[in-house]
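Hi,

Here is the structure I promised to pass on. Have a look at it first, and then read my notes below.

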Amino acid sequence: MIQPVSHDVFHDLDGDTLHEECGVFGILGHPDAATLTALGLHALQHRGQEAAGIVSFDGKQFHTEKHMGLVGDHYTNPATLAKLPGPMAIGHTRYSTTGEVALRNVQPLFAELEVGGIAVAHNGNFTNGLTLRRQLIAGGAICQSTSDTEVVLHLIARSRYTNTTDRFIDAIRQMEGGYSMLALTRTKLIAARDPTGIRPLVMGELDGKPIFCSETCALDIIGAKYVRDVENGEIIICEIQPDGSIEIDSRKSPTAQPERLCLFEYVYFARPDSVVGGRSVYVARKNMGVNLAQEAPVEGDVVVPVPDGGTPAALGYAQESGIPFEYGIIRNHYVGRTFIEPTQQIRAFGVKLKHSANRAMIEGKRVILVDDSIVRGTTSLKIVQMIRDAGAKEVHLRVASPMIFYPDFYGIDTPDAEKLLANQYDGVDAMCRYIGADSLAFLSINGLYRAVGGEDRNPARPQFTDHYFTGDYPTRLLDKHGEAMGRKVSVMASNG
């Protein structure tokens with residue numbers, strides 16, 4: 001068993017969370033394509049805050065704008081959007097899980113091929129991307145980024161098919177893992193989702209024009225209509241015809257499996273106002289709190305969410321338990337990742353730069369803290385101490401998801417297994433002592449399944465992707481098992 005780290009040591013609080021790789025958005029045939037794409041990416045900002053990119057096509061040439069930082073930092077500038085003319089565009093907002101943080105890795109990636117230009121962007125991760133990259137480089141390919149999206153471009157370029165649609169399908173069917181991908185050609189917007197349906201992708205329309213995006217909240221922000229989810233293993237090709245009409249074709253993967261959406265979309269990643277897999281994320285999270293109150297009741301005076309992720313679950317817990325809900329922690333929405341950069345003195349403030357205790361709701365009370373998940377536990381430790389410092393009589397921590405034991409390889413940036421709190425301590429009691437709470441409890445896997453899908457987990461054929469809790473990976477992990485995951489990709493450093 002790993003011994004607990006001293007509470008006096010500064011903890012990297014930004015490392016004590018899960019990060020999604022990105023969000024994607026694309027639209028075909030609309031005169032305001034780039035502006036609508038920027039708005040869609042703004043709605044998907046929670047899926048990645050490191051960088052954003054948009055590629056458009058004006059009928060003659062492709063235009064690209066890529067920037068480090070937030071969507072609103074760049075794409076609210078009319079001059080930037082003016083550089084993205086044309087009635088078709090795709091965009092991407094990124095948090096890196098493969099490849100370092102550099103401008104050359106910002107998607108969409110573009111290449112000029114024999115069949116014409118093509119831009120691609122994806123959400124998720126390819127579990128055979130490094131294996132294929134190594135094979136391509138051995139065959140003479142030149143890779144200029146460390147993003148596994150570039151592998152798809154190489155496969156498209158090397159395909160023997162004569163048109164871009166068939167080349168794209170040929171390439172994407174060689175990829176394994178969890179992904180949603182968009183591609184833009186001179187006349188087409190193509191959308192693809194992995195055969196297991198791990199990563200979400202929805203189809204919408206605005207003024208009769210097709211849209212694809214990671215979540216329904218990106219449709220809502222532009223007033224678009226939700227049409228349907230892209231099915232697992234499905235590839236949808238939307239093409240502008242010479243008369244300006246748009247034809248839509250669908251191809252199904254012969255290797256498609258029963259859909260297994262990522263449970264963490266419901267626990268953490270998706271915006272609460274989104275509908276994922278036909279289910280309201282907000283309702284699912286509230287149900288998690290209801291089930292948690294049934295499974296792990298405790299006497300208390302107030303139920304306090306750890307903002308913002310724990311709020312819907314805390315509401316459910318409060319309603320089920322009859323204990324009042326209060327905002328006992330106030331979040332500072334104007335603090336980004338940069339606060340941990342400056343000095344050790346600033347770092348010492350730790351979690352208080354992002355959260356502050358609302359003493360009036362906490363002092364002298366038995367507080368039930370509700371959070372959505374615990375990764376390494378360092379943030380939980382700081383928050384529990386902050387609540388005690390505000391005068392709480394007792395602090396009981398309730399977590400609206402099961403313990404995380406296993407890393408992810410489908411686009412979630414998780415720590416190594418040995419750094420996960422559940423693997424560092426022998427049981428819940430030991431974890432509770434490390435965190436400093438009076439009690440600690442997690443939602444059961446069946447409690448989570450019932451909250452999202454209404455029934456217990458089927459161990460013979462799980463309804464969702466849940467390997468981070470169970471170790472049951474839905475696909476083979478070629479890069480990991482072939483040891484390609486740990487191989488260094490040598491590329492020149494970038495100032496981007």
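Buried means under 20% relative accessible area, with exposed being over 50% and partly exposed in between (1.4 Å probe, protein chains only).

Please keep in mind that this is a predicted model, where local features need pLDDT of at least 70 and side-chain atom pairs count only at pLDDT 80 or more, while totals for chains, interfaces and linings use all residues. Residues are numbered from 1 along each chain as its sequence is written, and side-chain values use heavy atoms, leaving out hydrogens and water.

On the cores, then. The largest nonpolar core has 42 residues, and Leu-263, Phe-264, Tyr-266 and Met-288 touch the most other members. Two or more residues each come from α7 (264-269), α8, α9 (311-321), β20 (366-371), α15 and α16 (467-470). Of these, α8 gives the most, with five residues. There is also a second, separate core of 28 residues, which includes Ile-362, Leu-369, Ile-374 and Leu-440.

As for the naming, helices (H or I, at least four residues) and strands (E, at least two) are DSSP runs, numbered from the N terminus. By that count the protein has 17 helices and 23 strands. Of its 496 residues, 55% are buried.

Next, how do α8 and α15 cross? The axes of α8 (residues 281-295) and α15 (residues 445-453) come within 8 Å and cross at roughly 145 degrees. (Axes are lines fitted to C-alpha atoms, for helices over the stretch in contact, and angles run from 0 to 180 degrees between N-to-C directions.) On the α8 side, Ala-284, Asn-287, Met-288, Asn-291 and Glu-295 meet Gly-447, Leu-448, Arg-450, Ala-451 and Val-452 of α15. Contact means heavy atoms within 4.5 Å.

Then there is the sheet. Seven strands form an open, antiparallel sheet in the order β4-β3-β5-β2-β11-β10-β12. The edges are β4 (62-68) and β12 (225-229), each pairing on one side only. Two strands pair if DSSP finds at least two bridges between them; β2 (residues 22-28) and β11 (residues 209-213) have three, in the antiparallel sense. Ile-27 has Ile-211 in β11 as its bridge partner. Helix α1 (residues 33-43) lies across β2, β3 (51-57), β5 (88-94) and β10 (202-206), and runs at about 25 degrees to β5.

Another helix to click on is α3 (residues 129-138), where Gly-129, Thr-131, Leu-132, Arg-133 and Leu-136 are buried. Those buried residues pack against β7 (116-126), α4 (149-158) and α17 (478-481). Just after α3, Gly-140 takes a positive phi of about 105 degrees.

Why does Val-303 count as buried? Because its relative accessibility is 0%. Val-303 and Ile-368 are 65 residues apart in sequence, yet 4.7 Å apart in space, C-alpha to C-alpha.

Cheers

Note on methods:
A nonpolar core is a set of buried Ala, Val, Leu, Ile, Met, Phe, Trp, Tyr and Cys residues joined through side-chain atoms within 4.5 Å.
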